[in-house]
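Here's a quick briefing to read with the structure open beside you.

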Amino acid sequence: QGTSHLDAKYHTLVSDFNVSPEPVAVGGTVTARGTVLRTLATGTSVPVTDGLADLYFSTDKSTWTYVAQRVVGSTGAFSIPATATRDGYWRVAYHGGTSNLSSLSAADYVDTQYKTVISSFNAGPEPVRGGSTVTVSGKLSGYTTTWAPLGGRTVYVYFMPKGSTTATYMGADSTDSSGAFKRSFTAKRDGYWYARYK
């Protein structure tokens with residue numbers, strides 16, 4: 001009579017999978033985190049203590065590209081950093097171990113956005129007489145492969161009175177082709193002027 005050997009392994013799942021930050025700047029770092037659990041015969045889930053986690057990226061969830069690999073920790077947790085170059089989906093494949101089956105996480109979509117900066121910002125003249133005009137100006141730039149002016153964008157201006165912790169929206173201006181914006185307001189009290197591009 002013949003005999004055969006069968007390895008019995010536990011089912012596993014990738015729990016609490018998340019890739020952050022969301023959104024992320026183009027060229028910035030995202031980190032994929034989660035925990036790999038195995039299900040015992042009693043139905044209880046406990047962390048795995050061995051195996052590897054592979055991080056994959058896809059723009060359409062049909063073709064996946066390997067990005068990086070990390071060892072699953074003693075608590076079942078993994079943390080895998082990667083560079084985000086475009087919008088897309090991330091997922092992790094757990095390889096399995098000596099007593100665990102492999103498993104695959106759900107896909108997490110992350111939006112990438114270009115870095116922006118407001119430079120040469122000024123509110124003047126300084127000082128200014130109450131009731132007179134104060135002019136807020138600056139330049140908006142964005143980064144793709146290099147820094148360049150962002151024209152035709154709306155920049156929002158806020159004012160926070162001295163001693164306050166609350167800023168009030170004052171108005172907006174559109175940037176010109178060189179990324180410059182300028183808008184004048186009535187100066188009513190001491191305080192701080194801010195510009196924000198959303």
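The side chain of S58 makes a polar contact with the side chain of D60, at 3.1 Å. Keep in mind that this is a predicted model. S58 itself sits in strand 5, which covers residues 52-58.

**Around S58**

- S58 has a relative accessible area of 1%, so with the cut-off for buried set at under 20%, this serine counts as buried.
- A polar atom of the S58 side chain also lies 2.8 Å from the backbone oxygen of T63.
- If you skip the neighbours within four places in sequence, S58 is in contact with T63, W64, G88 and Y89.

- Now look at the open sheet built from three strands, which come in the order 16-15-18 with antiparallel pairing.
- Strand 16 (168-174) and strand 18 (191-196) are the edge strands; each has a single partner strand, so one side of each has no neighbour in the sheet.
- Going from one strand to the next, the twist averages 25 degrees.
- As background, strands of a sheet pair through backbone hydrogen bonds, in either a parallel or an antiparallel way.

**Where strands 15 and 18 meet**

- Strand 15 takes in residues 154-161 and runs antiparallel to strand 18, with six bridges joining the two.

Technical notes
Residues are numbered from 1 along each chain as its sequence is written. This is a predicted model: local features need pLDDT of at least 70, side-chain atom pairs count only at pLDDT 80 or more; totals for chains, interfaces and linings use all residues. Side-chain values use heavy atoms; hydrogens and water are left out. Two strands pair if DSSP finds at least two bridges between them. Helices (H or I, at least four residues) and strands (E, at least two) are DSSP runs, numbered from the N terminus. Axes are lines fitted to C-alpha atoms, for helices over the stretch in contact, and angles run from 0 to 180 degrees between N-to-C directions. Buried means under 20% relative accessible area, exposed over 50%, partly exposed in between (1.4 Å probe, protein chains only). A polar contact is a pair of N or O atoms within 3.5 Å; within protein, one must be able to donate a hydrogen and the other to accept it, and residues adjacent in sequence count only if both atoms are side-chain atoms. Contact means heavy atoms within 4.5 Å.
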